[in-house]
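The exercises below concern charged side chains and their pairing. Each task is followed by a solution that goes step by step.

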Amino acid sequence: MAPLTRMRADRASFAPRPLNAEYYGQRATPDGLLIAEASPVMVTGRGNPGTPGIYSDAQIAGWRGVADAVHAKGGLIFLQLWHVGRVSHSSFQPGGVLPVAPSAVAITGNGMLAMTSDGKMVPYETPRALETEEVGQVVEAFRQAAVNAKQAGFDGVEIHGANGYLLEQFLQSHSNLRTDRYGGSIENRARLLLEIVEAAIGVWGASRVGLRLSPYGIANGSGEADPMPLYTHVIKALDRLGLAYLHFIEPRSSGAGRAEVNWQNVPSAMVLFRPVWRGVLISAGGFTGETAEAAIAQGHADAIAFGRIFISNPDLPRRLQHGFPLTPYNRATFYGGEEIGYTDYPAYGELESA
Ligand SMILES: Cc1cc2nc3c(=O)[nH]c(=O)nc-3n(C[C@H](O)[C@H](O)[C@H](O)COP(=O)(O)O)c2cc1C
């Protein structure tokens, strides 16, 4: 299961609740890997209401309930570690200050809007550039979050380097105008991501750390003019580290957001970068059971992660295995709310036998 932000944590503590444990438990299968939704590693990393964090004791305790529910069914669960950077709004920030980013560059463009803490859509503010010393604090927050995830009983962590969030903002030249050791050359722009991956490896060992990237993606104002040199550098540097996996979001479909998109004739991340990555490669983005099998058979990926169809089919692996029909998902209940559109999708056959 691909990481899926569902915005249903406790509204005050941002701790996962028993409802969240039920949801993940429904989707667990023996040896199946679930990647839990993106979780801010520090309070400045927040940018959405109801997203669970991994920086407080209450959040660690809440996540333990989730991990236990998955393990009770023999499943595995990684936590995705997140900092949204400029994809935030001052209403989420302590003291109402501006969100932080590599540089003071706002997200602009057609229909690009920020969400406030009370769910309104407004233009993005211009973020504040992190001081060089503060970048070290971000690395430390990811390291501590990796420790917290271990304490919560996860099986590993995935670093969120995709979809226009902080680590991608550092990678890409349009959002990173820095002149210190974290900006300028490709080596410098990749430094923060690599420092964070190494910090997580220090906690977990490389075989329990994954990384998500979305080269050629356009989510949240992202987009490197020429992604090949940048991402080739990053992926080659990571290839030496022996990570659990590299996980792509195919540019044809980020899956998230308010509207369905399925771009045609766009590059395929797995096809482009498979030759420079020797480790396990996972990809996601608009796959069906058949196209997933074909991608694996053709050697483009070792595994495929499913997002949207896992929302509406809690028993997705079984359905794909047996060719059972899929329940369509309802985008209106993706983000926020309670059990409707979350834990009330039936397993195949459950309705008929009820
Ligand atoms: C509701 C929703 C929330 C998502 N949240 C995240 C997230 O927290 N982290 C992430 O890396 N990707 C996120 N994505 C992207 C998915 O992980 C996945 O890559 C995307 O949906 C494409 O796969 P699919 O076509 O199987 O849905 C989200 C997608 C959706 C639909």
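**Salt bridges and their surroundings**

Arginine 128 counts as partly exposed, because its relative accessibility is 35%. The model is predicted, and the count of salt bridges in it comes to 11.

**Exercise 1.** Find the salt-bridge partner of glutamate 140, and explain how the two residues are placed in helix α3.

*Solution.* The closest N and O atoms of glutamate 140 and arginine 143 lie 2.9 Å apart, and the pair forms a salt bridge. Both residues belong to helix α3 (residues 132-151), where they are three residues apart, so about one helical turn separates them. Glutamate 140, at 38% relative accessibility, counts as partly exposed, and arginine 143, at 30%, also counts as partly exposed.

**Exercise 2.** Describe the salt bridge of arginine 278 and aspartate 239, and locate its two ends in the chain.

*Solution.* The side chains of arginine 278 and aspartate 239 meet at 2.7 Å, N to O. This pair links distant parts of the chain, 39 residues apart: arginine 278 sits in the loop between α7 (269-273) and β10 (281-284), whereas aspartate 239 is in helix α6 (residues 227-239). Finally, arginine 278 counts as exposed at 68% relative accessibility, while aspartate 239 counts as buried at 14%.

Technical notes
Residues are numbered from 1 along each chain as its sequence is written. This is a predicted model: local features need pLDDT of at least 70, side-chain atom pairs count only at pLDDT 80 or more; totals for chains, interfaces and linings use all residues. Side-chain values use heavy atoms; hydrogens and water are left out. A salt bridge is a side-chain nitrogen of Lys or Arg within 4 Å of a carboxyl oxygen of Asp or Glu. Buried means under 20% relative accessible area, exposed over 50%, partly exposed in between (1.4 Å probe, protein chains only). Helices (H or I, at least four residues) and strands (E, at least two) are DSSP runs, numbered from the N terminus.
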